[in-house]
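Load the model in your viewer and keep the selection panel handy.

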Amino acid sequence: ANIGLLVTSWWGPDSTEDNTTKSVIMEHEDIGNLKIALHFETKGRIAGYTDTSMIRTDIQHMCENYFDHSNYYSIDGRPVLVIHITRSLFDEAQLQDVVSTMRDEASKCEKNLYVIGDQAFRSAPDEIPYDPFSYLDAVTNFDVYGSSGKPDGFVGTEGVDEYYAQQSEWKQAALNENCQYIPPVSPGYNDRGARIENDD
């Protein structure tokens, strides 16, 4: 399918996701040139988006098990880490501390992290400068469905047009502040696979 990068869910050292990524995917005989990056699951690693006590050991684990692997994805020699729901960390006034702690710990293993934040959600910021752009190397939108307002049924043309307009504003705002923007792409999506009780 011409896919060159997998960003894999990561829930901490010795989790199922950690063991599968480092011991199965990254060591598979057919991995070839496929690159791997970690998707830091904030909700599971930073309780209440405020308990940052596990960040240093998490980054140490990544230094020891991922960042030097030839298949780990890097940009200009910088290992890439995608952080889920950075917008919630920002709402709790934790984003700057979390990112700076991650960068500090990675520097101890002589790595300069390239941090991508799941920040470009719904409407772009009105106030510029927008602090997250100065903490993150790039922003993206992980949740196209949620960012589209979790519509009943199909989003429709109007919803798609509104989503494109919002993301265009995010892109321009980010680039104006020297933060990269990564466009999100989503196939059709049925949230019932994750939360059947909501019947979305």
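A search of the whole structure finds ten salt bridges, each being a side-chain nitrogen of Lys or Arg within 4 Å of a carboxyl oxygen of Asp or Glu. You are looking at a predicted model, in which local features need pLDDT of at least 70 and side-chain atom pairs count only at pLDDT 80 or more, while totals for chains, interfaces and linings use all residues. Residues are numbered from 1 along each chain as its sequence is written, and side-chain values use heavy atoms, with hydrogens and water left out.

**Stop 1: Asp137 and Arg78**

Select this pair and find the closest N and O atoms, 3.1 Å apart. Asp137 sits in the loop between α6 and β6, Arg78 lies in strand β4, and 59 residues separate them. (Helices are DSSP runs of H or I, at least four residues, and strands are runs of E, at least two, numbered from the N terminus.) Both Asp137 and Arg78 are buried; buried means under 20% relative accessible area, exposed over 50%, and partly exposed in between, with a 1.4 Å probe and protein chains only.

**Stop 2: Arg87 and Asp118**

Here the closest N and O atoms are 3.0 Å apart. Arg87 has a relative accessible area of 18%, so it counts as buried. Asp118 is buried too, because its relative accessibility is 1%.

**Stop 3**

Next, select Glu105 and Lys108, which form a salt bridge at 3.3 Å, N to O. Buried or exposed: what is Lys108? Lys108 is exposed, because its relative accessible area is 57%, whereas Glu105 is buried at 5%.

**Stop 4: the nonpolar core**

Now show Ile59, Met62 and Met102, the residues with the most contacts inside the largest nonpolar core, which has 44 residues. Such a core is a set of buried Ala, Val, Leu, Ile, Met, Phe, Trp, Tyr and Cys residues joined through side-chain atoms within 4.5 Å. Its largest share, five residues, comes from α5. Centre on Met102: leaving out residues up to four places away in sequence, Met102 touches Phe40, Ile55, Ile59, Leu81, Ile83 and Leu113, where contact means heavy atoms within 4.5 Å.

**Stop 5: Val155**

Finish with Val155, in the loop between α7 (144–147) and α8. Val155 counts as partly exposed because its relative accessibility is 36%.
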